[in-house]
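Thank you for making the time this morning. I would like to walk through one structure with you, part by part, and I ask you to keep the view open while I talk.

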Amino acid sequence: MNLFDYEHQPIGIDRKFNFNFSKNTSYGLGGLSKVAYFPETEEEAISVFETLKEYNQKFFVLGCGSNVLASDKYFDGAVISTSKLKGIYRTEDGISCLSGTTVAELLNYCRNNGLSGLEFIAGIPASVGGLTYMNAGAGGKSISDVLKNCVAYNGKLYNLSNKLCNFGYKHSTMRDIDCIILSCSFKLEHVEPQKVSDNINRYISARLSQPKGKSCGCVFKNPQGLSAGKLIEYCGLKGFAFGGARVSREHANFIINEGAQASDVYKLIKFVKKTVFEITGVALEEEVVYIGDFNDSFG
């Protein structure tokens with residue numbers, strides 16, 4: 001370990017050395033990271049971010065780990081985990097919550113307090129920060145439909161309105177400014193709690209048909225007017241496997257870990273992307289976010 005590890009650690013913030021990505025991502029894959037920090041407040045999160053930047057340490061902000069693929073190789077950097085950065089607060093027209101709050105925690109609060117507008121995220125294994133970062137959505141709705149503002153930090157504190165988040169399909173300003181999302185506020189409607197509960201159950205039921213097994217969810221973004229899964233299926237790749245990684249037989253935009261290494265998944269993603277382009281001329285774009293070095297994983 002270098003000097004940073006002993007003399008320049010953020011003080012008083014929970015940390016863990018040799019953080020294991022395979023135990024902290026939905027793929028169940030990946031190697032170790034040098035260290036992970038677990039801030040519990042916005043001030044602690046800023047302190048970690050500032051210290052890592054000051055000493056030129058590379059790092060990755062990790063929520064629930066549901067839309068990432070971490071390399072098998074050692075990540076000689078830090079993880080800022082938002083798993084303890086939790087809290088939900090009422091506002092005049094909805095709620096504000098810290099970025100590590102999970103979908104399950106958020107919807108349980110909405111159910112108990114009769115707040116409607118976020119039910120469409122039910123069943124997504126993600127945190128508020130991750131959902132906002134990716135402008136996640138389901139059932140024809142997305143976070144941008146209900147987000148009021150987002151507080152982010154990248155050396156400067158930003159309170160970004162919905163408009164300034166520059167939301168697009170699977171995109172937000174926060175993806176472009178190398179930041180950590182601290183909190184988000186949502187404008188919601190007050191209704192009977194039972195209505196919220198019924199809506200949540202309806203969206204969860206709709207997700208039951210999604211492929212089972214360890215995955216990151218959809219690997220590729222849908223090209224405009226097209227379905228990535230249908231393009232992959234058209235190319236005859238449904239069920240295709242590389243090592244322990246397989247294109248789902250149920251939904252071709254899912255790649256399932258069936259005893260894979262992260263490098264197997266990466267190679268399969270690149271093979272699928274190459275094949276679809278060769279047959280259809282459509283260049284698929286990954287939705288999954290890579291962590292670490294994959295340079296030697298594909299020729």
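If you look at V247, you will find that its bridge partner is I255 in β17, and these two residues belong to a predicted model, as does everything else I describe today. The strand pairing here is between β16, residues 245-247, and β17, which run in the antiparallel sense and are joined over three bridges. Together with β15 these strands form an open sheet of three, in the order β15-β16-β17, with antiparallel pairing. The edge strands of that sheet are β15, at 241-242, and β17, at 255-257, each of which pairs on one side only. Lying across β15, β16 and β17 is helix α7, residues 262-280, and its direction runs at about 30° to β16.

Let me stay with that region for a moment and turn to F294, which is placed in the segment after β18, the strand at 289-291. Is F294 buried or exposed? The cut-off for buried is under 20% relative accessible area, and because F294 has a relative accessibility of 5%, it counts as buried. Once its neighbours within four places in sequence are left aside, F294 is in contact with L69, A70, S71, A262 and Y266. For a sense of distance, the C-alpha atoms of F294 and I88, which are 206 residues apart along the chain, are separated by 37 Å.

Now to another sheet. This one is open and has five strands, in the order β6-β7-β13-β11-β12, with antiparallel pairing. At the edges stand β6, at 88-91, and β12, at 157-161, and because each has a single partner strand, one side of each is left without a neighbour in the sheet. From one strand to the next, the twist averages 20°. Within this sheet, β11, residues 147-153, and β13, residues 180-187, pair in the antiparallel sense over six bridges, and C150 stands opposite C184 in β13. Helix α2, residues 42-54, packs on the sheet, where it touches β7 (94-98), β11, β12 and β13, and its direction makes about 145° with that of β13.

A further helix, α3, lies across β6 and β7 and runs at about 40° to β6. Which helix does α3, residues 103-113, approach to within 6 Å, axis to axis? That helix is α5, residues 193-207, and the two axes cross at roughly 145°. On the α3 side the contact is made by L107, C110 and R111, and on the α5 side by P193, V196, S197 and I200. Sorted by class, this contact of α3 with α5 has five nonpolar residues, one polar and one charged. While we are looking at this stretch of chain, please also note R202, whose charged end sits over the ring of Y203, 4.9 Å from the centre of that ring.

The next strand to consider is β5. Six of its seven residues are buried, and so β5 is largely enclosed by the rest of the structure. Its pairing with β2 is parallel and involves four bridges, with A36 standing opposite V79 in β5. Strand β3, residues 59-62, also pairs with β5 in the parallel sense over four bridges, and the bridge partner of V61 in β5 is I80.

F75 is buried, as F21 is.

Terms used
Residues numbered from 1 in each chain as written. Predicted model: local features only at pLDDT ≥ 70, side-chain atom pairs only at ≥ 80, totals over all residues. Heavy atoms only, no water. Buried < 20%, exposed > 50% of the residue type's maximum accessible area, 1.4 Å probe, protein only. Lys NZ or Arg CZ within 6 Å of the ring centre and 35° of its normal. Axes fitted to C-alpha atoms, helices over the stretch in contact; angles between N-to-C directions. Helix = DSSP H or I, 4+ residues; strand = E, 2+ residues; numbered from the N terminus. Contact = heavy atoms within 4.5 Å. Nonpolar A, V, L, I, M, F, W, Y, C, P; charged D, E, K, R; others polar. Pairing = 2+ DSSP bridges.
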